[in-house]
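Please open the model in a viewer and keep the sequence at hand.

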Amino acid sequence: MNKAIYIAASEANSGKSMLSLGLMQLFLRNKPKVGYFRPIIDNPIEGAKDNHINTILNYFKLKTKYEDSYAFTRSDLIKKLNDDQEDEVINIIIEKYKKLEEENDFVIVEGTDFSDHAAVIEMDLNVLIAKNLGTPVIIVSGGVNKTLEEFIQSLRLTYDLFNSKDVQVIAVVANKVQEENIPVILDQVGKNLSNSVSINAIPINKKLNNPTIKEFLNEIDGKVLFGKELLNNATGDIKVGAMQLSHFLHHLAEDSVVVTPADRSDILLGTLQANISTNYPSISGIILTGGMELNPSIIKLIEGLEKVVPILWVEEGTFAITSKLSNVRSHIYAENVDKIKMSINIFEKYVDVSSLREKLSNFKGTETLTPRMFQYNLLKRAKEQRKHIVLPEGSDDRILIAASQLQKNNVVDLTILGKKVNIEASIKRLNIPFNFDKTPIINPIESKYFQEFSNTLYELRKHKGVSPAMAEDLMADVSYFGTMMVFKGIADGMVSGAAHTTQHTIKPALQFVKTKPGFSVVSSIFFMCLEDRVSVFGDCAINPNPTAEQLAEIAISSADSSIAFGIDPKIAMLSYSSGSSGKGEDVDVVRRATEIIKEKRTDLKVEGPIQYDAAVDPSIGKKKLPNSKVAGQANVLIFPDLNTGNNTYKAVQRETGALAIGPMLQGLNKPVNDLSRGCTVDDIFNTVILTAIQAQEK
């Protein structure tokens, strides 16, 4: 069920704050706990808090900690991106968002502010974040200083960016437009976007759009002489008092801010008098320039007035101050309750709230699991039930580096096999953090378990001609020793193969761990983390030429593994032809395997025989197999033989930069997983996590 909405602006000053306030008020009426999250915030000024977060948390009295409401400041983000750490950025954003999602009934996510000049990069980042969080999007676009054509093009460009990455936009808001133009804007925007998108338009409101006296004060670094309690007054036009008072009074307008030299007592007093006169409009504030002190008699006179406005004093001249004021951008902040209430009222008046509620309740999201969300889910699941994994290859540097990273993440308990003195030397040489108190190092032949393990192996294998002496020789091998730790329950799983062949790694498991009841074949899968999705490839490591029955079992095991890891399986039984077009023994095996799957598991979606392109490309899949529920959207791809599978996974991995997590072995009573000898540290790290999750199911 969807628990969030992402607010994305098409450019700076679009008015996201109004939407955040309006949506927060809307959801709090029906949901007890609503969270607020900003993945990226502007750099704080002198320790001040982000204005958006501070306003939402304070006005709605949310109990979320300020630090939990954002992931990165802008400078921290830029540093991470410059260091090529985009993956870490997205992982941390997902982690912080997920914490809020768990603590609340709903979460409002507000995108970036476009505070610098890298607008294209910033928009791409918003798309990437929304994609990985799996949330629907509301786009808000400002109409100030744009023609209708420019406005629609800008909105359409933003919509297409999200849509091209399969991020669902459920509503757009044309903000800060002329009220008389709303009907034509709704009509023209609606013609350019999908019928499924809710189209809304909000007129510009001067009181909301214009800065307050407080915001002027912050910009000009002035001093408050009078009216400190009225600094939240909304401003109107800026009027420079440089002419005779009798002429100047004609120029006053509602909420004017009067800027005049401090020695123009006539303008100052005349403006204050006009403010209390029923014949003149109300004034928002007065700014005295030039740094000249007011005469004590003038101060005394003002102090005696029943009604005053904020009067600010600055040292700079009138022209410089006026220029600064014209560039001040309005914000909604926590102390300005009037503006907050006004924003909420405008939102509720002009946004189709009922349509928005309906689209949110009907939002099902994409079935595609992003690689980063998949990896986040893996770590989260592994931490839910801590398991103990043995790593037999302590002589391999990659194993030690991965173990160091696993210690840092505090996600599993580890035991490493090898000579401690050699491993200590390697750790020192690699210069990596490593806590030997947390991770025992066992040399098999010196272990207290050695004789017990040897005796057990002898009893299990004596019918195969294994003698006690042979059992001891075998138990000195790290693969046998590690597997026996799993068999005995001392460890929950084993990961090996970085320095050993597949046969060397899994042979002990096949000899005495054996297969689960109902399984006749051990197989393997890789979780292939592609650019925007996770696919399951099987079998790419174990079975050279499976029969139809074995191929069917591999597919069923792979589908069940997919379900266990949060992927809704759509199985493609791959071959060199699609549908009924192909002839020959190889394609017949695949065809028969598909029939067996359909007979045994009516709950699974499966298509076969099918070619790879028809399995994963929607346009080709629709053309070749138009009535298929799998073609074009397959995520579990079963290869007809090991030659095809192994080469394909390696080709995809190397040519696309995809992360291949695995292989994960299926069908064993206890989890023992094999690494490729060309594996990376990340491969080891991820395979250990997979193994820990498998062990939770035992």
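Begin by selecting Phe527, which is buried at a relative accessible area of 0%; buried means under 20% relative accessible area, exposed over 50% and partly exposed in between, with a 1.4 Å probe and protein chains only. The model is predicted, so local features need pLDDT of at least 70 and side-chain atom pairs count only at pLDDT 80 or more, while totals for chains, interfaces and linings use all residues. Residues are numbered from 1 along each chain as its sequence is written, and side-chain values use heavy atoms, with hydrogens and water left out.

Rings of Phe, Tyr and Trp (its six-membered ring) pair if their centres lie within 6.5 Å; planes under 30 degrees apart count as stacked, over 60 as edge-to-face and the rest as tilted. Next, include Phe374, which forms one aromatic cluster with Phe527 and Phe565.

The structure holds 14 aromatic pairs. For another of them, select Phe27 and Phe106: their ring centres are 4.2 Å apart and their planes at 35°, so the pair is tilted. Both Phe27 and Phe106 are buried.

Finally, turn to charges over rings. The charged end of Lys223 sits over the ring of Trp313, 4.8 Å from its centre; this requires NZ of Lys or CZ of Arg within 6 Å of the ring centre and within 35 degrees of the ring normal. Select Tyr70 as well: over its ring sits the charged end of Lys96, 5.6 Å from the centre.
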